[in-house]
Amino acid sequence: MPSTPVTAANSSSNGTAQEILLELVDEDGKTIGTAEKLAAHQAPGQLHRAFSVFLFDESGRLLIQRRALGKYHSPGVWSNTCCGHPYPGESPFAAAARRTYEELGISPSLLAEAGTVRYNHPDPDSGLVEQEYNHLFVGMAQAALRPDPEEVGETSFVTADELAEQHARAPFSAWFMTVLDAARPAIRELTGPKAGW
């Protein structure tokens with residue numbers, strides 16, 4: 001993955017774990033500071049910038065992932081194609097493309113902004129809180145997936161009907177339906193009416 005000044009500043013050159021900082025924002029999405037990642041998610045949560053990506057194949061099926069069991073937040077549950085947090089100073093668009101590549105080994109095609117949504121979702125299992133100002137993106141997955149097993153336990157392309165069935169019987173992330181519903185207008189524009197989103 002190409003290095004930028006922001007990603008280089010947030011990468012460890014000696015292999016040691018580095019503190020991950022998130023951008024804290026106000027209710028209008030304006031940056032007001034930074035906080036360490038885990039601290040920002042501890043109850044009651046600090047409002048921070050995030051992103052969610054929804055990628056589709058040529059048939060209009062959504063790529064979803066089951067989060068790896070080793071993840072500290074919401075392990076083993078299904079969620080959207082990719083989600084995460086920009087580094088301080090990194091644009092949400094660049095962060096979405098970067099993280100999709102890191103997690104799934106692909107660069108999204110036709111990646112486009114799909115609005116923002118603000119939410120507060122406690123996770124009853126971990127006690128962590130998603131207090132987020134989330135930038136939404138939609139695009140296409142047009143290359144073979146190469147998921148990082150430390151991030152992704154499983155992937156699947158699903159139709160709208162298949163997603164509804166799976167959502168009724170399998171655990172999904174607390175934020176999934178909120179971000180999906182907020183992104184639906186852009187998803188319909190990308191996939192067309194026949195896809196059923």
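Modeller: One definition before we start: strands (E, at least two residues) and helices (H or I, at least four) are DSSP runs, counted from the N terminus. This is a predicted model, where local features need pLDDT of at least 70 and side-chain atom pairs count only at pLDDT 80 or more, while totals for chains, interfaces and linings use all residues. Residues are numbered from 1 along each chain as its sequence is written, and side-chain values use heavy atoms, with hydrogens and water left out.

Biologist: How many helices and strands does the protein have, and in which pattern do they follow along the sequence?

Modeller: The protein has 5 helices and 9 strands. Along the sequence, their pattern is α-β-β-α-β-β-β-β-α-β-β-β-α-α.

Biologist: What is the radius of gyration of the protein?

Modeller: The radius is taken over C-alpha atoms, and the globule rule is 2.2 Å times the number of residues to the power 0.38. For 197 residues the rule gives 16 Å, and the protein comes close to that, so it is as compact as a globular protein of that length. Its radius of gyration is 16 Å.

Biologist: What share of the residues counts as buried?

Modeller: Buried means under 20% relative accessible area, exposed over 50%, and partly exposed in between (1.4 Å probe, protein chains only). The count runs over the 197 residues of the protein, and the buried share is 49%. The C-alpha trace spans about 45 × 35 × 35 Å along the principal axes. Again, the buried share is 49%.

Biologist: How far apart are the centres of the positive and negative side chains?

Modeller: Lys and Arg count as positive, Asp and Glu as negative; His and the chain ends are not counted. Each charge is placed at NZ of Lys, CZ of Arg, CG of Asp or CD of Glu. There are 15 positive and 25 negative side chains, and the centres of the two sets are separated by 3 Å.

Biologist: Why can strand 3 be called largely enclosed by the rest of the structure?

Modeller: In a regular strand the side chains alternate between the two faces of the sheet. In strand 3, His48, Ala50, Ser52, Phe54 and Phe56 point one way, Arg49, Phe51, Val53 and Leu55 the other, and all are buried. Strand 3 is largely enclosed because its buried residues number 9 of the 9.

Biologist: Which residue takes a positive phi in the hairpin of strand 7 and strand 8?

Modeller: Strand 7 (residues 109–122) and strand 8 (residues 129–140) run antiparallel, joined by 10 bridges. Between the strands of this hairpin there are 6 residues. The one with a phi near 80° is Gly127.

Biologist: Is Leu110 buried or exposed?

Modeller: Leu110 is found in strand 7. Its phi is near 55°, a positive value in a residue other than glycine. With a relative accessible area of 63%, Leu110 is exposed.

Biologist: What separates the C-alpha atoms of Ala114 and Ala183?

Modeller: Ala114 also sits in strand 7, and it is buried at a relative accessible area of 13%. Contact means heavy atoms within 4.5 Å. Leaving aside residues up to four places away in sequence, Ala114 touches Leu136, Phe137, Val138, Ala182 and Ala186. Ala183 is 69 residues away along the chain, yet the C-alpha separation is 5.8 Å.

Biologist: What is the relative accessible area of Gln131?

Modeller: Gln131 lies in strand 8. Beyond four places in sequence it touches residues including Pro44, His48 and Tyr119. Gln131 is buried, with a relative accessible area of 9%.

Biologist: Which peptide bond is cis?

Modeller: Look at the loop between helix 2 (37–41) and strand 3 (48–56), where Pro44 lies. Omega is about 5° at the cis bond, which joins Ala43 and Pro44.

Biologist: Which residue of strand 9 is the bridge partner of Arg66?

Modeller: Strand 4 (residues 62–67) has 5 of its 6 residues buried. Strand 4 pairs antiparallel with strand 9 (residues 152–158) over 6 bridges. In strand 5, Arg66 faces Trp78. In strand 9, the bridge partner of Arg66 is Glu154.

Note on methods: Pairing = 2+ DSSP bridges.
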